[in-house]
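Hi there,

Here is the structure I promised to pass on.

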Amino acid sequence: QVQLVESGGGLVQAGESLKLSCAASGSIFRINTMNWYRQAPGKERELVASMTSGGIIKYADSVKDRFTISRDNARKMSYLQIYRLEPEDTGVYYCQVAQGGAYYGVNYWGQGTQVTVSS
């Protein structure tokens, strides 16, 4: 049973930084992608950053200058560093692990962590 637990969210002021963490437990196939999504109030969930187990990183255009994704495969951790937070960054941030290889399509989600940015 794979579980993902996000942490690090909170109420911050615009311009500040925040680091979100995602802790995974259980058996995850070695070929996988760790993804971070966010869902702003009234909007659909969007992918903001991803990092494969091989180290390939992608960002949404809207965040690529301010977000940094990283991961620690040995500890089954993923991180999302957010710099210069903006009110538009407000939302629930979700961690997802998308497995590859023979386990392609078997994905897991965390419960999300709330980030609220005040102006």
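Which residues does Glu6 touch, not counting residues up to four places away in sequence? They are Ser21, Cys22, Trp36, Tyr93, Tyr94, Cys95, Gly110, Gln111, Gly112 and Thr113, where contact means heavy atoms within 4.5 Å.

Before the rest, a word on the ground rules. This is a predicted model, in which local features need pLDDT of at least 70 and side-chain atom pairs count only at pLDDT 80 or more, while totals for chains, interfaces and linings use all residues. Residues are numbered from 1 along each chain as its sequence is written, and side-chain values use heavy atoms, with hydrogens and water left out.

**Glu6**

Glu6 sits in strand β1, residues 3–7 (strands are DSSP runs of E, at least two residues, numbered from the N terminus). Glu6 is buried (under 20% relative accessible area with a 1.4 Å probe, protein chains only; exposed is over 50%, and partly exposed lies in between). Even so, Glu6 has no salt bridge (a side-chain nitrogen of Lys or Arg within 4 Å of a carboxyl oxygen of Asp or Glu). The nearest side chain of opposite charge is Arg45, 7.5 Å away. What the Glu6 side chain does reach is backbone: the nitrogen of Cys95 at 2.7 Å and the nitrogen of Gln111 at 3.0 Å.

**The disulfide**

The count comes to one disulfide (a pair of cysteine sulfur atoms within 2.5 Å). Cys22 and Cys95 form it, with their sulfur atoms 2.1 Å apart. This pair links distant parts of the chain, from Cys22 in strand β3 (residues 18–25) to Cys95 in strand β9 (residues 91–99), 73 residues apart. Both cysteines, Cys22 and Cys95, are buried, and their link is left-handed, with -75 degrees about the S-S bond.

**Aromatic rings**

The whole structure holds three aromatic pairs (rings of Phe, Tyr and Trp, the last by its six-membered ring, with centres within 6.5 Å; planes under 30 degrees apart are stacked, over 60 edge-to-face and the rest tilted). One of them, Tyr37 with Trp109, is tilted, at 4.8 Å centre to centre and 50 degrees between the planes. Tyr37 counts as buried because its relative accessibility is 18%, whereas Trp109, at 37%, counts as partly exposed. Trp109 also pairs edge-to-face with Tyr94, at 6.4 Å and 85 degrees. Tyr94 is buried, with a relative accessible area of 12%. Together, Tyr37, Tyr94 and Trp109 form one aromatic cluster.

Key:
Helices (H or I, at least four residues) and strands (E, at least two) are DSSP runs, numbered from the N terminus. Lys and Arg count as positive and Asp and Glu as negative; His and the chain ends are not counted. A polar contact is a pair of N or O atoms within 3.5 Å; within protein, one must be able to donate a hydrogen and the other to accept it, and residues adjacent in sequence count only if both atoms are side-chain atoms.
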